[in-house]
Amino acid sequence: MPEVFEYTWDTPTYKGKTSFNTGVHIGGKWLDGSNKTTIDIINPTNGKLITKVSEAVEADVELAVAAAQKAFDTVWGLNASGSTRSELLWSLAKTMEKHQEELAAIEALDNGKTFGWANGTDVAFSIATIKYFAGWADKVTGQTIETDEKKFSYTRHEPIGVIGQIIPWNFPLLMWSWKIGPALATGNTVVMKPSEFTPLTALRMCSIMEEAGIPDGVVNTVTGYGHIVGSAISSHMSIDKVAFTGSTLVGRKIMEAAAKSNLKTVTLELGGKSPNIIFDDADLEQAVNWTSHGIFWNHGQACCAGSRIFVQEGIYDEFLKRFVARAAEIKLGDPFEAGIDQGPQVSQIQYDRIMGYIDSGKEQGATVALGGERHGTDGYFIKPTIFTDVTTDMKIVQEEIFGPVGVVIKFKDQDDVIKQANDTLYGLASAVFSQNINLAIETGHKLKAGTVWINCANQLHAQVPFGGYKQSGIGRELGEYALHHYTNIKAVHINLRHRM
Amino acid sequence: MSLSTTIQVPNLNKTLTIPTGLFINNEFVASVDSQELIHAYNPATEEIIASIVAGSAKDIDIAVAAARKAFNTTWGKNVTGWERSRLINKLADLIERDAQELAELETLNNGKPMRIARDFDIGDSIQCLRYYAGFADKITGQTIEVDNKSKLAFTRHEPIGVCGQIIPWNYPINMWAWKVAPALAVGCTIVMKPSEITPLTALKLSELIKEAGFPPGVVNTVPSLGSVGGAALSSHLDVDKVAFTGSTVTGRRIMEAAAKSNLKKVSLELGGKSPQLIFESADLDQAASWAALGICYNTGQDCTAGSRVYVQESIYDKFVEILISKVKAQIIGDGFQESSGGGPVVSKGQYDRVWNYIESGKKAGAKVALGGEKREGKGYWVDPTIFTDITSDMQIVQEEIFGPVLVVGVFKTEEEGIALANNTTYGLGAGLHSNDASQCMRVSSALEAGTVWVNQYNILNNNVPFGGKKQSGIGRELGSYALEEYTSVKAIHWNFGEKLEWPL
C-alpha cells in the first residue's frame, strides 16, 4: 500500500500541516505503482529527501486510460451536462480555496519558490483558472448553418475523450489547473502525469477533487518519468489527445510519438528566449522593475521569461546601473523565512545546467555585471545574474537557460531591435517598454511572439490566451481559445428533401 | 416607522421577517414624498400578508441617481469581470442558503406550491445566477483587420448603463434572477420594480444583495404601481435601458414612453397564446402529459402556456380522452399542502379576468369538457378547464387568458395545423408532437414562435435563449444572447500610422 505523507510547518510565514497519499491515483483508488518502485522527492532548499512517491510505469498508464475511458462513457463526457460540470468545477475551486495555504506550503516545500509567491500567485491564480473554466462548462456551443431549405446542418462541439496531460515542475499546481480547467469543462477525462520532480500538489489535489465531488476516474494521476510514463501516454493508441508543457526537446519527442502511434492531436507549450525591449523614452523606473520581474520571477524558471534584454543606446548606461542595483536587492533564502524573494532552483540537475550556462558565458567572454555564482552552501541557490557585452553567437544568448540569468544587449533603433528580437527559433513572449504608444504597438505587431506585453511583463490572466509562435509551441492555453483544443467538431447534415 | 415586519407562515408554525421599505443604496428607506402603501395578499386566503412602502416617481428619481452614481464609480467599467463573477456567485450561494424561507414567502404571496417554488423556481434561479456569473469575465469584443500599417480597430462590449427592470407576478423570484443576472454580469446597474402584486420576495432578495457585498446603488428595488414606478422608469431621461416582462398591452406603453423620452433601449417579454400540435404519429400518452403540463403548470399563469391544443383528426377522440384524464389529475390547492400541483390564481383581478373568459367561452357556444365551475369559499381558485368545439373567432381562442383554461381544436393536414397554430398576433412558444422526424423538422421550421418544443413543452434551460416573435416581444433572455441586451458596442479606430493630408 502506498505511504501517507505527513508534514508539519512551523515557520515564520506559515504554520500548519498536511497529510496525503503518495500512491498512483486511478479510478478513485490509491495504488502502488505496478513495479512497486518509488521516486525520491528532494527538497531543493537543502537537498534532503521530503518523501518517496509511488512510481507509475506503462502498466499503470494502461489502468489509468481504462479508468478514464470508463468515466468518460458513464459519469462524464456528455453524460454530465454542462451545468453539472460547471457546478463541480466551481466546487473544486471552492475546495481549493479552503485548502489554499496548505497547497501553497506544499508547493513551496516541493518546488522551492517562496511561500509568499506560492500563496499569492501560484495557488490564487490556479483557483482563478478553475473558476474561469467552470464558467465555460455550460457555454460550449456549436452553430446551426444555413445551406439550403431542404437541409438542416449544424455542428456539435463534442469532448474528445481521454486526454493525456504532462505538466512541468516550474509552476506545478498552476500548470495543473491550466490543463484540468479546459479539459474538464468541455467534458474530457484525464490521465495526468505531474513532473517527477514536483508531484506533491498534484497528489494533494486527488483528495481535494474527491472532496469537491469530482467523480472517480475523471482525473487519474500517474507520477512517473518522462521517458516511461510520458512516452507511454504520447504513444498510447487509446488516448486521443496529448497536452504538454515543458522543453522544446521533449515536445518534439511527444509530437513524433503522437504521429507514429494514432495521430492523436497535440498541443505543446514549450521553451522561450523572450525579448524584453526598452526604448529610450521608456518610463525607466517602471522598465527596470518589470524587467527584473520578467527575468527573475520564479527564479528565472518561466517559459516566458524575458531573458534577452534589449536596451536602446540612449538609456543603456542608466538602465544597466539601475537594473543591477534592483537585482542586487533580491533576497535569497529559505522559502518559508520572512522577507525572502527568491528560493533555490528546483533540482540538482537544473542547478548544474544553469551553472553550466553561466560558465559558458564567462568562457565566451561576456561580462558578469551581477552574480554569476552560487548562493550559500546548501540547496540549489543561484544568485540573480546579469551578463553584458554579449554577442549573438554566445550560448547564453541563443539557448534557453531557465534560471535567474539575463543577458543585456544594446540596440540602435526600432528596425535593429525587431530584427534581433526575432532572430531566435523561439516565439513565446515579448515585452516592449516605451511611452510612445504608437511605437510600442507597431513594434509589438512586428514581433513574432504569442504574447506581447507592452509596458509590463509576465502578467497573465485566465481570460487571455497564452502560447507560442515557431518552436515555442502549438496551440493556446487560457481564454476561450483553450476550449478549441479540447473539443472535436462534428458536422451533422440532416437531409429533409434532397432526392438522390 | 420600522421598515420591517414579521409574518406568520400558516401550516408551518413559523414567522418570517421581511423588509418593507424601498431598497436604495443598500438601505431600506421610506418614500420621500408618499405615504402610500402596497398591500401584499395571500391568494389562498384573500388576506393581507404585509403592507410595504409604495414608491413614487420621486423615489424612482432617487434610485436612478443612486444607480447612476454606482455605475460611474464602483460598478460599470470600474469593476472587473472577475469581481462581478465573484459577487454574483456569492449571491447564488446566499439564495441557496435561504431557499426554504424564500420559497415559503413566494408561496404565501403568489400561491404556487412551496416545493415547486423551492426546487424549481428557486433552483433554476440559483443556476441562472451561476450561469451568468460564469460569463462575467468572458465579455469579449473583436480586433478587426483594417490596415496593418496604420490602424488598429477593435470593439469593446461595454455595459449599457442604468437599467430599469420591471418584472411580473407569475414567477417573482425566477423573473428577478433572469433580469438581474445578465445585467450585473455585464456591468450594468439596476433599478428593479417588482410587481405590486408580489413585491415581497424582491425585498427579501435585496437583503441578500447587500449581504453578498454588492456596492450600494448597484441594485435598487422600488416596489410601486406600474402606472407610477413603471411609467417613471420607462420615461426617465437618465435610464439607458428598460427590460420588461408582462402583458403586451403594458409592453406597448413602455416602448412608447421609451421612444418619447430618450430612445432608451427596450427589451420586452410579453404575452402568448401558444399552440401545441398533436400529430397522429405522436406518443399519445406522452403528448397528453406534456399538453397537461403546458396548461396546468403554475396554474396556467405562464407566458408560454400551451393554451391552444390542436389535434389531428384521426386521433382526436382518443387523444382528448387521455388529455382530459391527465388534466383532471392536477390538484389545485393550498401551496403548503404537499399534494398541490398548482395554487390559486394570484389575485382578485386575475380571478375575475379568468372567470370572465370562461363565461365568454360558454356564451360563445364552446363545450365545457372539464371544469368551468366556481368553488365556494375563500381563495382565488380556478380549477383546470377545457373547452372543445371551438372556432377561431372566439375570445377564448384569440386572447391570452393567463389561467388554467385550455381550448382544444382539430385539424386534418399538416398545413392546416400549422396555419391554425400561426393564426395569432403572438409568437412566444409552440409545441409539436410527432414521431416523424422529417415532419418535426418541417413543422418546427414553419411555426412562428421564439421557442419551439419538439415532443416536449415548457422546459427551459438557462443556456438556451428565450423570447418572442411578433407581438410576444423584442429581444431574448437566457443563453449568451441575453448579454447582448445589456451590452453596448463601441468601435475604436486607433490610428498609429496615417498622417492626414489637408485639405483633401
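1. A residue is called buried when its relative accessible area is under 20%, exposed when it is over 50%, and partly exposed in between. With that in hand, please keep in mind throughout that this is a predicted model.

2. Consider the pair Arg130(B) and Glu96(B), which form a salt bridge whose closest N and O atoms are 3.3 Å apart. This pair links distant parts of the chain, since Arg130(B) lies in helix H4 (residues 114–135) of chain B and Glu96(B) lies in helix H2 (residues 81–97) of chain B, 34 residues apart. Glu96(B) has a relative accessibility of 46% and therefore counts as partly exposed, whereas Arg130(B), at 18%, counts as buried.

3. In chain A, the side chains of Glu158(A) and Arg156(A) meet in a salt bridge of 2.8 Å, taken from N to O. Glu158(A) is buried, with a relative accessible area of 15%, but Arg156(A) counts as partly exposed at 36% relative accessibility. Over all chains, the count of salt bridges comes to 47.

4. Strand S13 (residues 265–269) of chain B deserves a careful look, because 4 of its 5 residues are buried and the strand is thus largely enclosed by the rest of the structure. Strand S12 (residues 241–245) of chain B runs parallel to S13(B) and is joined to S13(B) by 5 bridges, with Thr245(B) standing opposite Glu269(B). Together with helix H8 (residues 248–260) of chain B, these two strands make a right-handed β-α-β unit. S13(B) also pairs with strand S21 (residues 473–474) of chain B, this time in the antiparallel sense and over 2 bridges, and there Leu268(B) stands opposite Ile474(B).

5. The domain assignment divides chain A into domain 1 (4–270 + 474–489) and domain 2 (275–461), whose centres, taken over C-alpha atoms, are separated by 30 Å. In the contact between them, 32 residues of domain 1 of chain A meet 32 residues of domain 2 of chain A. The area buried between these two domains of chain A is about 2400 Å², of which carbon and sulfur atoms give 67%. On the side of domain 1 of chain A, Pro44(A), Thr45(A) and Trp169(A) lose the most area to domain 2 of chain A, together 22% of what that side buries.

6. How many residues does each chain bring to the contact between chain B and chain A? Chain B gives 17 residues and chain A gives 20 residues, and the area buried between the two chains is about 1800 Å², of which carbon and sulfur atoms give 64%. In chain B, Lys138(B), Met441(B) and Phe496(B) lose the most area to chain A, together 31% of what that side buries. Across the interface of chain B and chain A, the rule finds 0 salt bridges.

Methods. Residues are numbered from 1 along each chain as its sequence is written. Chains are lettered from A and ligands numbered from 1 in the order in which they are written. This is a predicted model: local features need pLDDT of at least 70, side-chain atom pairs count only at pLDDT 80 or more; totals for chains, interfaces and linings use all residues. Side-chain values use heavy atoms; hydrogens and water are left out. Buried means under 20% relative accessible area, exposed over 50%, partly exposed in between (1.4 Å probe, protein chains only). Two strands pair if DSSP finds at least two bridges between them. A crossover is right-handed if, with the strands pointing away from the viewer, the path from the first strand over the helix to the second runs clockwise. Domain bounds come from an automatic or database domain assignment. Contact means heavy atoms within 4.5 Å. Buried area is the accessible area (1.4 Å probe) that two parts lose on being put together, summed over both. A salt bridge is a side-chain nitrogen of Lys or Arg within 4 Å of a carboxyl oxygen of Asp or Glu.
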